[in-house]
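Please view the structure alongside the text.

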Amino acid sequence: MLDTVQHFFQRVLTAPESGDSDAVTPQLAVAALFSEVLRADYEVDPQELATLRRILMSQFSLDEAAAKALIQEAQQQVEQAVDHFQYVSLLNERYDYDQRVELIAAMWRLAYADHELAALEEHRIRRLADLLYVTHSDFIRTKLAVQDELARR
């Protein structure tokens, strides 16, 4: 336990070096937040994983192998993370408001990939929307837009 706390403070208090492999990139931050949505209901559905892979491939122009590697790295990071600060602070710094709203819409698509929305998934998306400074009205608007997309399929 003490080692975990020491490791956390060493990571937070030391400036990342330019070649640091633990440095969080925007792609890793997005994948980590999406991974949080995936694991919110304690079940990772294969449809959700496939949707996550497609979203990352599309958003970051990755091939399937690179998307799988990014997902694996993000899941490992999320397992070890104390909180979401490093991810949301990077995205708040680098993404404009519209891009952050689109991230929330992608989270809804991910949550609905298995054709059901667990209350825990909705709660996690709401929490992440707050941390990304996305308004409640845009949180609801994106949810309804994704539901409408799915109804038209």
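## Packing of helix 2 and helix 3

The model is predicted. Helix 2 (residues 26-38) and helix 3 (residues 46-60) have axes that come within 11 Å and cross at roughly 160°. Because of this angle, helix 2 is roughly antiparallel to helix 3. The crossing of the two helices is right-handed.

On the side of helix 2, the contact is formed by Pro26, Gln27, Val30, Ala31, Phe34, Ser35 and Leu38. Helix 3 contributes Glu48, Leu49, Leu52, Ile55, Leu56, Gln59 and Phe60. Sorted by class, the residues in this contact are 10 nonpolar, 3 polar and 1 charged.

## The largest nonpolar core

The largest nonpolar core comprises 38 residues, and Phe34, Leu56, Ile104 and Met107 have the most contacts inside it. At least two residues each are supplied by helix 2, helix 3, helix 4 (64-80), helix 5 (85-94), helix 6 (97-111), helix 7 (119-131) and helix 8 (136-151). Helix 2 provides the largest share, 9 residues.

Apart from residues up to four places away in sequence, Phe34 touches Leu52, Ile55, Leu56, Gln59, Leu103, Ala106, Met107 and Leu110.

## Ala32

Ala32 also belongs to helix 2. Ala32 counts as buried because its relative accessibility is 0%. Beyond its neighbours within four places in sequence, Ala32 is in contact with Ala74, Val78 and Tyr87. The C-alpha atoms of Ala32 and Gln75 are 6.4 Å apart in space, although the two residues are 43 residues apart in sequence.

Methods
Residues are numbered from 1 along each chain as its sequence is written. This is a predicted model: local features need pLDDT of at least 70, side-chain atom pairs count only at pLDDT 80 or more; totals for chains, interfaces and linings use all residues. Side-chain values use heavy atoms; hydrogens and water are left out. Axes are lines fitted to C-alpha atoms, for helices over the stretch in contact, and angles run from 0 to 180 degrees between N-to-C directions. Helices (H or I, at least four residues) and strands (E, at least two) are DSSP runs, numbered from the N terminus. Angles under 35 degrees count as roughly parallel, over 145 as roughly antiparallel, 65 to 115 as roughly perpendicular and the rest as oblique. A crossing is left-handed if the near helix is turned anticlockwise from the far one by less than a right angle, and right-handed if clockwise. Contact means heavy atoms within 4.5 Å. Ala, Val, Leu, Ile, Met, Phe, Trp, Tyr, Cys and Pro count as nonpolar, Asp, Glu, Lys and Arg as charged, and the others, Gly among them, as polar. A nonpolar core is a set of buried Ala, Val, Leu, Ile, Met, Phe, Trp, Tyr and Cys residues joined through side-chain atoms within 4.5 Å. Buried means under 20% relative accessible area, exposed over 50%, partly exposed in between (1.4 Å probe, protein chains only).
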